[in-house]
Amino acid sequence: MSLIKYECPCLETRRLNLRAITVGDLDSLKLLYHDEMTYPYLKRKMMREEKKPHLLFRGHKQSIEEINKIRWGISLKTDNVLIGEISLYNIEEWNSGTVGYRLRHEFWNNGYVTEALMELVEYAFQTMGLVRLEATVVVENFASIRVLEKCGFIKEKLMQNEKFGDTYCDYYLYTSYKLRSKSQNVEMIVQGP
């Protein structure tokens with residue numbers, strides 16, 4: 001896998017802006033990262049950068065710079081305040097990637113993550129030319145499973161008692177594919193039932 005630094009383009013949905021995370025988002029990042037309701041689904045403890053979000057910004061850089069990853073802040077169009085994040089990472093040679101997301105719990109059940117993920121999938125397949133996306137989700141995270149399925153991801157397999165975060169547990173691997181028919185030169189995204 002080559003090491004590539006990807007730009008974080010601004011993406012827009014009906015209600016959301018997906019944008020670069022900047023130093024100006026530090027207070028919102030603290031609220032997001034210290035939201036204890038999200039960690040049971042991550043199956044890990046807070047990382048050093050989550051305990052101290054300013055560590056995400058090196059020197060005087062204005063946004064997070066990462067390799068083989070694009071991390072967007074999710075903000076409402078009404079006030080542009082960061083309410084979550086969504087990422088495309090493990091990007092491999094423009095063919096595949098992994099998606100992940102997190103939203104402050106007070107914004108759950110409003111369809112925001114579904115809206116953001118649909119935009120990310122569109123960007124990954126149509127603009128970046130990726131052909132496969134995957135996501136992992138612990139079996140008890142029913143809300144995230146619904147999000148993935150609404151966005152066309154299909155449950156590929158159950159991983160039983162496998163390493164996930166800091167522990168061993170059961171989780172699902174979900175995938176979504178963009179297929180290209182050579183005979184018809186037609187592109188389509190494989191949707192779930």
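Reader: Which backbone oxygen does the side chain of Thr38 reach?

Author: The side chain of Thr38 reaches the backbone oxygen of Asp35, at 2.9 Å. That falls within the polar-contact limit: a pair of N or O atoms within 3.5 Å, where, within protein, one must be able to donate a hydrogen and the other to accept it, and residues adjacent in sequence count only if both atoms are side-chain atoms. A word on the basis: this is a predicted model, in which local features need pLDDT of at least 70, side-chain atom pairs count only at pLDDT 80 or more, and totals for chains, interfaces and linings use all residues. Residues are numbered from 1 along each chain as its sequence is written, and side-chain values use heavy atoms, with hydrogens and water left out.

Reader: Good to know! Why is Thr38 called buried?

Author: Its relative accessible area is 6%, and buried means under 20% (exposed is over 50%, partly exposed in between, with a 1.4 Å probe and protein chains only). Therefore Thr38 counts as buried.

Reader: And why does Thr98 count as buried?

Author: Thr98 has 8% relative accessibility, so the label buried applies here too.

Reader: What makes Glu85 buried?

Author: Its relative accessible area is 7%, so Glu85 is buried.

Reader: Which side chains make a polar contact with the side chain of Glu85?

Author: The side chain of Tyr33 does, at 3.0 Å, and a polar contact of 3.2 Å joins Glu85 to the side chain of Arg71.

Reader: What does Thr38 touch, leaving out residues up to four places away in sequence?

Author: Thr38 touches Arg102, Leu103 and Trp108; contact means heavy atoms within 4.5 Å.
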